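Hi,

Here is the structure I promised to pass on. Have a look at it first, and then read my notes below.

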Amino acid sequence: MNYHPGSTDRVFDGLRHLAANIHRVPAFVIPAVEGRTDHAPVTEQAGTWGSILPAVWSFMLAARARGLGTVWTTAQGPLERELARVLGVPYEKVMLAAFVPLAFTIGTDFKPAPRVPRKEVLHWERW
């Protein structure tokens, strides 16, 4: 996230924009996964997140194909217990994995985000 100058600023600008306009979002998808990873070993965390991430990513791609915009946020994190209570989700047994706003986009002028060059992040047979 800190590779490109200003990327952190852009992330927080987006978060502030979402907070200021959250009342305009028509729907939210809050993916949940059974089991909690609080203080769990890395292998358990990897298995849990490895099951929910592809499912949500597939949903986000399907939404985009239908003209809907989404963004994966972790905005539920600080308020997860309260949000679970409001939604009737048993917090002790179910983890709210993300907070995904869902809406039709304004315009379609999308472009790829800056990427770290592949040779800097891909390692083959050795680091």
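Which residues make a nonpolar surface patch of about 250 Å²? They are Val11, Phe12 and Leu15. For a patch, residues need over 30% relative accessible area and no salt bridge, with like charges joined within 9 Å and nonpolar side chains (Val, Leu, Ile, Met, Phe, Trp, Tyr) within 5 Å. Leu15 has its place in helix α1, residues 7-21, and is partly exposed at a relative accessible area of 41%. The cut-offs here are under 20% relative accessible area for buried, over 50% for exposed, and partly exposed in between (1.4 Å probe, protein chains only).

Before you go further, two notes on reading this. It is a predicted model, where local features need pLDDT of at least 70 and side-chain atom pairs count only at pLDDT 80 or more, while totals for chains, interfaces and linings use all residues. Residues are numbered from 1 along each chain as its sequence is written, and side-chain values use heavy atoms, with hydrogens and water left out.

Now the overall picture. You'll find four helices and five strands in the chain, and along the sequence they follow the pattern α-β-β-α-β-α-β-β-α. Both kinds of element are DSSP runs numbered from the N terminus: helices are H or I with at least four residues, strands are E with at least two. The C-alpha atoms fill a box of roughly 45 × 40 × 30 Å, taken along the principal axes. Of the 127 residues in the chain, 24% are buried. The accessible surface comes to about 9,800 Å², and 61% of that belongs to carbon and sulfur atoms; areas are from the Shrake-Rupley method with a 1.4 Å probe, and for residues only the protein chains shown count as cover. Among contacts with a separation of 6 or more, 69% are between residues 24 or more positions apart, a contact being heavy atoms within 4.5 Å.

Next, the charges. There are three salt bridges, each a side-chain nitrogen of Lys or Arg within 4 Å of a carboxyl oxygen of Asp or Glu. One of them joins Arg16 to Asp13, with the closest N and O atoms 2.6 Å apart. These two are three residues apart in helix α1, so about one helical turn separates them. Arg16 is exposed at 51% relative accessibility, while Asp13 is partly exposed at 42%.

Arg36 is buried at 14% relative accessible area, as is Glu80 at 10%, whereas Asp38 is partly exposed at 43%.

The charged end of Arg36 also sits over the ring of Tyr91, 3.9 Å from its centre. That label needs NZ of Lys or CZ of Arg within 6 Å of the ring centre and within 35 degrees of the ring normal.

Cheers
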